Amino acid sequence: MNTVTATRLHAADVNISMVSNTPAVTDYARRYFGPWWNAFEVLPASVCAAPVVLADVDADQYATLHALVETCPHEETTYAKAATLVARHTEGTITAVSPTQQLAYRHEPATGRLSVIGTKSEPVALAAARIARDAMRGLLLRDGWTLLHASAVTDNCRTVLTFGEKGAGKTTTALALANLGWQLLANDRIFVRPDENGQLRVLPWPSAAAIGLGLLDALGWYDVARKRLEAGEALHPTQHPEVTDAVLAGRREPLWEPGGERERKVQVYPDQFADWFGLKLATGGLAQAVLFPRIRRDAAPAVEGCRGTLGDADFMHGATEDRYPDILGLAPAGGSGSSDARQSVAYHLDKLPQHTVVLGHDLAANAAFLHQLLSE
């Protein structure tokens with residue numbers, strides 16, 4: 001007999017409830033969101049109003065939704081690296097299925113109800129977390145927040161945002177400072193919104209962190225991760241099995257996908273930052289400074305003369321969301337915030353102290369340099 005459980009996610013002034021017939025699904029949500037958002041168990045009977053995510057393991061219901069989509073006009077897209085069929089019904093309801101993952105998704109805008117149905121608990125847990133996070137994003141954006149492509153750390157007095165295109169060093173910068181004692185607020189994207197005092201409030205976007213084997217080693221975390229894996233613990237399920245095998249075998253050089261264009265990385269749960277590597281995580285802050293780093297292998301850390309500027313790619317939308325397109329229509333158009341909100345954020349960020357820096361591959365030297373720079 002299945003046991004119905006419920007979890008509530010809360011960030012800023014918005015919340016979403018998740019109800020499941022499988023405790024492992026709501027347990028996963030609390031683990032995944034808890035370190036950065038407020039995630040706590042509630043009584044299922046207390047979930048009486050939308051927004052709610054129903055996340056059930058139910059093979060019969062999945063089969064019904066699969067058949068519904070196949071018999072309706074539908075389009076095909078790629079979602080979470082899997083072929084997904086999406087049907088848009090005349091009353092506004094959207095139903096989608098991923099046959100290879102045996103997952104079905106359904107959004108009923110009239111009631112605010114979201115459903116994630118599958119045949120196995122782990123895929124349902126991962127998919128429900130993604131959908132709940134996207135629904136929270138939609139609520140936060142409608143509440144005036146903007147989603148940025150940036151990392152963030154804080155020492156309670158100062159919150160520093162780091163921008164740059166892919167590979168510029170956002171994650172490297174944040175983790176180097178966090179390893180020095182700063183609190184990690186976000187490793188890849190953040191929500192920001194001006195408050196009544198004209199300061200930018202910062203909220204995290206909970207996610208697993210992708211860390212290359214070389215960076216893991218440079219941070220001094222490689223042996224910790226290897227011992228944990230040898231003891232039977234696991235990293236995030238989206239991690240490619242070859243990465244786990246490489247760590248267990250003691251390989252520290254980068255591991256590339258076929259073709260050599262994309263590195264396969266370790267995928268770290270949010271709570272593993274603290275439990276495995278001893279970092280402190282923050283749940284919010286007020287932006288005080290902005291960094292624009294560039295990584296050069298043999299460079300000594302230094303300030304560069306030019307002032308950085310924000311571009312369209314610094315806002316999370318479009319091509320930056322290609323792995324998880326908004327198949328259920330949960331976010332406002334654009335997915336990163338209204339035009340007015342984005343302009344306001346850009347204005348406030350432009351008034352903050354900004355540092356364009358070049359960093360090398362010596363993370364300890366990078367961290368010491370940045371800590372001194374940000375303390376001046």
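**Salt bridges and cysteines in a predicted model**

The structure contains 17 salt bridges, a salt bridge being a side-chain nitrogen of Lys or Arg within 4 Å of a carboxyl oxygen of Asp or Glu. Side chains of opposite charge can pair when their charged atoms come close. The model is predicted, so local features need pLDDT of at least 70 and side-chain atom pairs count only at pLDDT 80 or more, while totals for chains, interfaces and linings use all residues. Residues are numbered from 1 along each chain as its sequence is written, and side-chain values use heavy atoms, with hydrogens and water left out.

One of these pairs consists of Arg 88 and Glu 75, whose side chains meet in a salt bridge at 3.3 Å, N to O. Arg 88 belongs to strand β6 (residues 82-88) and Glu 75 to strand β5 (residues 75-79), so the contact ties together parts that are 13 residues apart in sequence. Helices (H or I, at least four residues) and strands (E, at least two) are DSSP runs, numbered from the N terminus. Arg 88 is partly exposed, with a relative accessible area of 48%, and Glu 75 is also partly exposed, at 40%. On this scale, buried means under 20% relative accessible area, exposed over 50%, and partly exposed in between (1.4 Å probe, protein chains only).

A second pair is formed by Asp 217 and Arg 252, with a distance of 2.6 Å, N to O.

Arg 228 has a relative accessible area of 25% and is partly exposed, as is Glu 233 at 34%. Elsewhere, salt bridges that share partners join Asp 217, Asp 223 and Arg 252 into one network.

The cysteines complete this account. A disulfide is a covalent bond between the sulfur atoms of two cysteines. The structure holds zero disulfides, where a disulfide is taken as a pair of cysteine sulfur atoms within 2.5 Å. Among the cysteines, Cys 48 counts as exposed because its relative accessibility is 72%, and Cys 157 counts as exposed at 64%.
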